[in-house]
Amino acid sequence: MSKKYWQSLEQYHEEPDIDQHKSESKQKNDLMELMGDEALQKKSSRRNFLKFCGFTVSSAAIASSCENPVKKAIPFLNRPAEMTPGEADFYASTFFDGNEFCSILVKNRDGRPIKIEGNDLSPFTKGGTTANVQSSILSLYDSGGRYKQPMKEDKRSSWKQVDPEIKDKLEAIKEKDGEIVLLTSSIISPTAKQSIADFRKYYPSAKHVTYDAVSQTGMLRANKRSFNKQVIPSYHFDQADVIVSFGADFLGTWISPAEFTLQYSKNRKLNAGKDTMSQHIQFEAGMSLTGSNADRRIPIKPSEEGIQLANLYNIIARKMGETSFNVPSARINMKNVAAKLMNNRGRSLVVSGSNDVNIQVLVNAINQLLGNYGKTIDLSRPVYIKQGIDSEMRDLVNRMNQGKVEALIMHNVNPAYDYPDAGEFSKGLNKVDLTIHMGHAKNETSKKATYVCPDNHYLESWGDALPKEGFYSLQQPLIRKLYTTRQWQESLLKWAGKSINYLDYLKKHWETNIYPNKAGLESFSSWWNKTLQKGVLDTGKDNGQPDYTTRGLRQAANSIKKSNNKGFELVFYESVALRDGKQANNPWLQELPDPIAKISWDNFAAIPVQWGEEKGLKNGDIIKVDGIELPVFLQPGQAKGTIAVAYGYGRSETGKVADGVGKNVFAHIPFQSGIRYNTKPGVEVSVTGKHMELALSQTHHSMEGRDIVRETTLDEYKKDHAAGNHAHEEFVKHHKESLYKKQEFPGHHWGLIVDLNSCIGCSNCMVACQAENNVPVVGKEQVKNRRIMHWIRVDRYFSGDTEDTGTHHQPVMCQHCDNAPCENVCPVAATMHSDEGLNQMAYNRCIGTKYCINNCPYKVRRFNWYRYVTNNEFDYNMNDEVGLMALNPDVTVRERGVVEKCTFCVQRIQEKKLQAKKEGRPLKDGDVQPACVQSCPAKALTFGDLNDPDSEVSKLVKDKRNYGLLEQLHTLPSVNYLTKVRNKPEELEEV
């Protein structure tokens, strides 16, 4: 019996898709609206109805596609010498928002940044990015969400006014030795830390408190106990043959996802005859991106995590003759997991996403027994991305409420929104005489500060970063400041009596502390320019592996108790799109479907399917969880007795996009023993009887039951490299004949391969494509109407049952078929085939009949139902003069009534062909990289010339795992997939 795959619970239960009927009804209503009232009143035959619709829609499409707004151009009379109009330049820089780091390359066109790529020279991320990094370009042009000048008491001011006032007040506080506190997110910039040190030197009573909205306090404190170093280690997932994760979403949001994704996928590739890969076991409550990629996923409650880990430790310790402890018995027998880990000592890795110190101490002990330190875990080159200690923030709030803090200067923090007791923080803020906020964007905390001294956007700033010991990344401005803002470090220095340009300050710090060639063999100026051009510097410095100690281990083991809590356990997590909510006002991220639930524009309560069905709940029904009302999503694989909810929503003072979207759950986070936990036990849940429709794209563009997911196990693959893909062999054997004339491609024949073993479903490619190709945001209502415009969708399939659920991800874009069904049905030849194998769209010829959409078996074409540019009904980035600066001038902005789709980034193909021609050489393999390929952190996508036998894509086409979607239709797609292979472990039994 073949495995059953399903996208929604309706498909699992073989029920009709209710949302599909709603969508069809909505589309019919829209057509009737176009026809007018008179047509509605008349009874008409189906023939007349279709005739009238055809005429009306065609007329509307022709009118809209032929009328473009008049735009005035100003000639470049005196252009800079280094700029050629129409040609893009790339500059290395750094992205760090206090939560995630990435070395980047920024594409700059005529003086404005328009696209972000990963920096291939970075040993940290090696060219990969995430959806957050890709979308950050849009926050630069967020005219509604950014501060445009200094503010005083929520009124416009100027630097000339606020600087002397702030300086005088700080001097007065200094005179009486009053407490000044600088509150920031984690700072990884050595030069910024130097500016803080200079500020504190001038104001000796000043203190620096680090606050992370989503902290790693548990790990930091545990490493302090185990190694006497309060740091986060470097992880090497590519060196681990066995990975066991307890709730750590290391592919999605945990610590350094872009870095970990590349490492993880490197050890999962099976190309070139390789038949070994890592084995990944995931224990977790909610279905995370990482859990969906695991070879074996075991749903457990958060209260069970410590018990499972303690039992795992005991089994390994007893086998090795080490001390074990009396702990409660585990529900899941860990013997098989322990055996796997012990058979791979030094090549295994155990991680946990818990913020519980005791759980992290147990994880340290397990990894120590397994000999993983110095191999898959490295404390000699620690990571500095998370530095905040929760108790320090709690102590600050207490001192504020006691009236002990006289000045509070805040940078890149928003505790009035994301601190668990935001009300207590706000109350304390009112008792501080001088409050200053130095962020580049509006938020709930800045609205309460007396002064707002706006920071530059990071793409307008100079800076540096030390995300990992020995590895530096430089940051440089890509555009002249859009508003009257100033770097926050420069503000600190100015108030400390140092009037210095921050670039000069930065270079001075590097020359004194980092410049390696002080003997003068190479001048600092020359070395600096080379380093700035590369963007990164790896000195190779390490601090040495610290000695392990069992201090705190017995205490950790003794803390493990069975939970007696009644009710549900509430799990809080960062969504892949919004993370901690800093970029909530970014419409690209709001409209990005959740990789698992496929919901956008809302957070929700993910509930177990069985419990939801027992209560008669459907997706969108509203329940009250811990006093907050949330719509439910019946999540396959959700652990029994648990509910998962994402942070980052429920903003109120950030801008027109995010305000009022979703609910803020930070206030429900428990704060115990100086630590903020990401789970809450004993939560009461009740059904309200209310309902709201979710923007759910779970069954968008369904392939009508013809979905193709091909997978096999590693054991089967070792026996037969075509395992799971014999349908392709049958197709090749029996379906060579066709009524179509065989296409000839005398020059290039472009193709794309997707390795399903590497693809993790992170959706980074969707945002990269959106940024590159000017794909519009349509808003929640249109997403509900199935009109989302992404050129790439990442299909998510479930298999198994609703409790023991397998998950599979599959990116689907235009397949650029050689026998394309869309081409022969277009009445105006708006879609046609190029001599290089591209399925092309002529936008000014398209009249919007949508015949091509109906005839596409892959459902990858999008129709512009409305005009999404300069339209107040779609008030997002394309309805703003500043927001329009993010558009790529190499790609047409489509009008209403036009069909659009993936083009393989044809503009990039043409650009590289012209470049090769100017250089007098043929195109090399790898020269052309579409946006999705270039940005993929897993290197899961390979693009190239199928006519070139030496190209990587040609080699992969010959792989026995290679197949095409719906190949039985003989469409001959130029996009192919490599079968998914899972390294299935032995079944884990319940005790």
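**Exercise 1.** Find which residues of α11 meet which residues of α13, and work out how the two helices are arranged.

*Solution.* Start with the contact, meaning heavy atoms within 4.5 Å. From α11 come E305, G306, L309, A310, L312, Y313, I316 and A317, and they meet I359, L362, V363, A365, I366 and L369 in α13. Sort these by class, and you get 12 nonpolar, one polar and one charged residues. (Ala, Val, Leu, Ile, Met, Phe, Trp, Tyr, Cys and Pro count as nonpolar, Asp, Glu, Lys and Arg as charged, and the others, Gly among them, as polar.)

Before going on, note that this is a predicted model: local features need pLDDT of at least 70 and side-chain atom pairs pLDDT 80 or more, while totals for chains, interfaces and linings use all residues. Residues are numbered from 1 along each chain as its sequence is written, and side-chain values use heavy atoms, leaving out hydrogens and water.

Next, the geometry. α11 spans residues 302–319 and α13 residues 357–369; their axes are 10 Å apart, at an angle of about 25°. That makes α11 and α13 roughly parallel (angles under 35 degrees; over 145 is roughly antiparallel, 65 to 115 roughly perpendicular and the rest oblique).

**Exercise 2.** Now do likewise for α18 and α19: at what angle do they pack?

*Solution.* Helix α18 (residues 502–513) packs against helix α19 (residues 524–534) at about 105°, with the axes 11 Å apart. So α18 and α19 are roughly perpendicular to each other. On the α18 side, L503, L506, K507, W510 and E511 make the contact; on the α19 side, F524, W527, W528 and T531 do. By class that's six nonpolar, one polar and two charged.

**Exercise 3.** Describe the aromatic pair of Y235 and F260, then the pair that involves W510.

*Solution.* Rings of Phe, Tyr and Trp (its six-membered ring) pair if their centres lie within 6.5 Å; planes under 30 degrees apart are stacked, over 60 edge-to-face and the rest tilted. The count comes to 39 aromatic pairs. Y235 and F260 sit 6.0 Å centre to centre with 85° between the planes, so their pair is edge-to-face. Y235 is in strand β9 and F260 in helix α9, so the pair ties together parts 25 residues apart in sequence. At 7% relative accessibility Y235 is buried (under 20%; exposed is over 50%, partly exposed in between, with a 1.4 Å probe and protein chains only).
F260 is buried too, at 2%.

Y472 and W510 are also edge-to-face, at 5.5 Å and 65°. Both are buried.

Methods
Axes fitted to C-alpha atoms, helices over the stretch in contact; angles between N-to-C directions. Helix = DSSP H or I, 4+ residues; strand = E, 2+ residues; numbered from the N terminus.
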